[in-house]
Amino acid sequence: MGELSNLPNIGKEVERQLNETGIFTYEELKATGTEKAWLKIQAMDSSACIHRLYALEGAIQGIKKILLPQERKEELKIFYNSHKL
């Protein structure tokens with residue numbers, strides 16, 4: 001696979017989904033942002049869960065999703081709850 005699967009939390013399937021949304025590099029992912037990238041994935045995969053949202057944030061920050069600051073996790077949880085299908 002490409003560059004994205006080298007990031008923390010990003011496996012081949014999430015990389016494939018990101019590629020399908022037009023995101024191919026770390027720079028593109030960072031510029032898109034966690035929430036917008038997740039919404040793009042959710043548009044094609046309604047099973048996109050909060051853990052995928054955390055994974056994207058962790059990838060952008062360069063850390064495993066379990067190490068995300070609690071405050072950021074809460075922000076993402078609020079976002080997720082307002083956008084889940």
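Is Glu75 buried, partly exposed or exposed, and what is its relative accessible area? In this predicted model, Glu75 is partly exposed, with a relative accessible area of 40%. The side chain of Glu75 meets that of Arg72 in a salt bridge, at 3.1 Å from N to O. Both residues lie in helix α5. They are three residues apart, about one turn of the helix.

Arg72 has a further partner. Its side chain forms a salt bridge with Glu35, also at 3.1 Å, N to O. Here the two residues sit in separate helices, Arg72 in α5 and Glu35 in α3, so the pair ties together parts that are 37 residues apart in sequence. Arg72 is buried, with a relative accessible area of 17%; the cut-off for buried is under 20%. Glu35 is partly exposed, at 23%. Through shared partners, salt bridges join Glu35, Glu57, Arg72 and Glu75 into one network.

The whole structure holds six salt bridges. One of them, by side-chain atoms, links Arg16 and Glu20, with an N to O distance of 2.2 Å. Both residues belong to helix α1. They are four residues apart, about one turn of the helix. Arg16 is partly exposed, with a relative accessible area of 34%.

The packing of α3 and α5 was examined next. Two packed helices are described by the angle between their axes and the distance between the axes. Helix α3 spans residues 34-44 and helix α5 residues 70-83. They pack at an angle of about 35 degrees. Their axes are 12 Å apart. The crossing of α3 and α5 is right-handed. From α3, the contact uses Thr34, Glu35, Trp38, Leu39 and Gln42. From α5, it uses Arg72, Leu76, Phe79, Tyr80 and His83. By class, the contact of α3 with α5 has five nonpolar, three polar and two charged residues. Glu35 and Arg72 are both in this contact, and their side chains also meet in the salt bridge between the helices.

Trp38 belongs both to the contact of α3 with α5 and to the largest nonpolar core. Leaving aside residues up to four places away in sequence, Trp38 touches Ala48, Cys49, Arg52, Leu53, Leu56, Phe79, Tyr80 and His83. Among these, Phe79, Tyr80 and His83 are residues of α5 in the helix contact.

The largest nonpolar core has 21 residues. In soluble globular proteins, nonpolar side chains tend to be buried together. Those with the most contacts inside the core are Leu4, Ile10, Leu18, Leu29, Trp38 and Leu56. Four elements are listed as giving two or more residues to this core: α1 (12-20), α3, α4 (50-61) and α5. Helix α4 supplies the largest share, six residues.

A backbone feature remains. Most residues other than glycine have a negative phi. Asn9 has a positive value, with phi near 75 degrees. Asn9 is found in the segment before α1. At 24% relative accessibility, Asn9 counts as partly exposed.

Definitions and conventions:
Residues numbered from 1 in each chain as written. Predicted model: local features only at pLDDT ≥ 70, side-chain atom pairs only at ≥ 80, totals over all residues. Heavy atoms only, no water. Axes fitted to C-alpha atoms, helices over the stretch in contact; angles between N-to-C directions. Left-handed = near helix turned anticlockwise from the far one by under 90°. Contact = heavy atoms within 4.5 Å. Nonpolar A, V, L, I, M, F, W, Y, C, P; charged D, E, K, R; others polar. Core = buried A, V, L, I, M, F, W, Y, C linked by side-chain atoms within 4.5 Å. Buried < 20%, exposed > 50% of the residue type's maximum accessible area, 1.4 Å probe, protein only. Salt bridge = Lys/Arg side-chain N within 4 Å of Asp/Glu carboxyl O.
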